[in-house]
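Please find below my notes on the model. They are set out as numbered points, to be read with the structure open.

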Amino acid sequence: MIGSLGLGALIVMGYGMVLRHFRGKWYEEYASAVVFACGALAAMTNPIVLESGYIFDARAVFIALAGPFAGPGGTILVALCTALPRIMIGGDGMMAGVAGIIIAAAAGIVFTWLFPNKRTPGGFLILGCLAALMVLSLFMVEFRTALNLMESIGFTLTLVNILGIVLLGSALEATKRSADYLRDVEFNAERDPLTGLYNRRALEQFEGSLGQSVAPDKRYGCVVLFDIDRFKSVNDRYGHARGDEVLQRVATTVTSRMRRSDLVVRFGGEEIAVVLLSTSVDDAYRIAEHIRALVEKLVFSHEGETFTVTVSAGIAAFTVGETPLEEAFDYADRALYRAKNAGRNRTEILSVPVPGRAPVRANA
């Protein structure tokens, strides 16, 4: 059974891969459940057999730890994946084995419910003690047999479950903390700290990815540059704190109208750039005008006084492989300059030579 716990190293590696390659709580939890189920099943291949039909292994360690690391749904999945093979194995201890699996799964779920943020060695000690209650399942068999089994394996089984959960749980938590830290570093490296928008580094990476193969419907698009009108006067009159609020709310307004495939970047100062894939110039114009109208309706307050702001926008189109994104940004900047000179709070388009005409974007 101690040897079965050597599976812990593989489980930690597998869990680390899940954290690196899966995004989203649902995907992460159920992918983790698959890892823990594999650990429990692998542990069942190296059992201790005391009597015919009575087998013992380290499966409870992996089942119980599914609670804090794979969630209640993932724990139920692990329990089902483990219970079915135990039923197929059969024997006089089959019912006791299934009951032990249920107890271990319940321990993981109860621990997650009572101590959602206590993934510490002390917390895992509590989980280990809860999971160790699975030894009580032995009393589902004939009483004298249960006493003999408890005397033979009870202490060892309890010790292995508690020690295994504390050690493996601590290693898994360290892996999760490391993965979360790397995610934060990657996120902050590509994000503007004030607005949460992507920064120029992310834009450079996005531009590089456009040079690779892309879907046919994403070979064309538009660049839209938004600029907050007279932003310097907002800072001068109401202070930089209020100016930051204006920039944050404008950024939120812009992103609220974007799709997941669109890239929104703080281009510099009070400028916000948007790269719209699979979007014609006409659709980009409608989107920019809609955002401009929304920003115009925003109301800000400062020491009992209210004020509003407006934005100007410039648009240019690009075609992957034909029009460099950098050139599209240059034309969009010229169009923005034209909008400023024409009185601000308006959208202007500057044509860039592109082969053909992109189809109109649906549901714009």
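**Notes on surface patches, salt bridges and selected residues**

1. E326 is exposed, its relative accessibility being 61%. Exposed here stands for over 50% relative accessible area, buried for under 20%, and partly exposed for values in between, using a 1.4 Å probe and protein chains only. E326 belongs to helix 11; helices are DSSP runs of H or I with at least four residues, strands are E runs of at least two, and both are numbered from the N terminus.

2. This is a predicted model, in which local features need pLDDT of at least 70 and side-chain atom pairs count only at pLDDT 80 or more, while totals for chains, interfaces and linings use all residues. Residues are numbered from 1 along each chain as its sequence is written, and side-chain values use heavy atoms, with hydrogens and water left out.

3. On the surface, E204, E207, E326 and E327 gather in a patch of negative charge. Helix 7 (200-210) and helix 11 (325-341) each contribute at least two residues of this patch. Patch members have over 30% relative accessible area and no salt bridge; like charges are joined within 9 Å, and nonpolar side chains (Val, Leu, Ile, Met, Phe, Trp, Tyr) within 5 Å. Asp and Glu count as negative and Lys and Arg as positive, with His and the chain ends not counted. The place of a charge is taken as CD of Glu, CG of Asp, NZ of Lys or CZ of Arg.

4. A nonpolar surface patch is formed by L133, L136, F139, F143 and L147, with about 480 Å² of accessible area together. Areas come from the Shrake-Rupley method with a 1.4 Å probe, and for residues only the protein chains shown count as cover.

5. How many salt bridges does the structure hold? There are 19, each defined as a side-chain nitrogen of Lys or Arg within 4 Å of a carboxyl oxygen of Asp or Glu. One of them pairs E173 with R119 at 3.0 Å, N to O. E173 lies in helix 6 and R119 in the loop between helix 4 (94-114) and helix 5 (121-131), so the bridge ties together parts 54 residues apart in sequence. E173 is buried, at 8% relative accessibility.

6. D283 and R286 also meet in a salt bridge, at 2.0 Å from N to O. The two are three residues apart in helix 10 and are thus separated by about one helical turn. D283 is buried at 0% relative accessibility, whereas R286 is partly exposed at 44%.

7. E348 is bridged to R346, with the closest N and O atoms 2.9 Å apart. Salt bridges that share partners join E28, K176 and D180 into one network. E28 lies in helix 2 (residues 25-44) and is buried, with a relative accessible area of 12%. Leaving out residues up to four places away in sequence, E28 touches V18, L19, F22, K176 and R183, a contact being heavy atoms within 4.5 Å.

8. F307, in strand 7 (residues 305-307), is buried with a relative accessible area of 8%. Beyond four places in sequence, its contacts include V234, Y238, R242 and V299. V299 is found in the loop between helix 10 (281-297) and strand 6 (300-302) and is partly exposed at 47% relative accessibility. Among the residues that V299 touches are R249 and T306.
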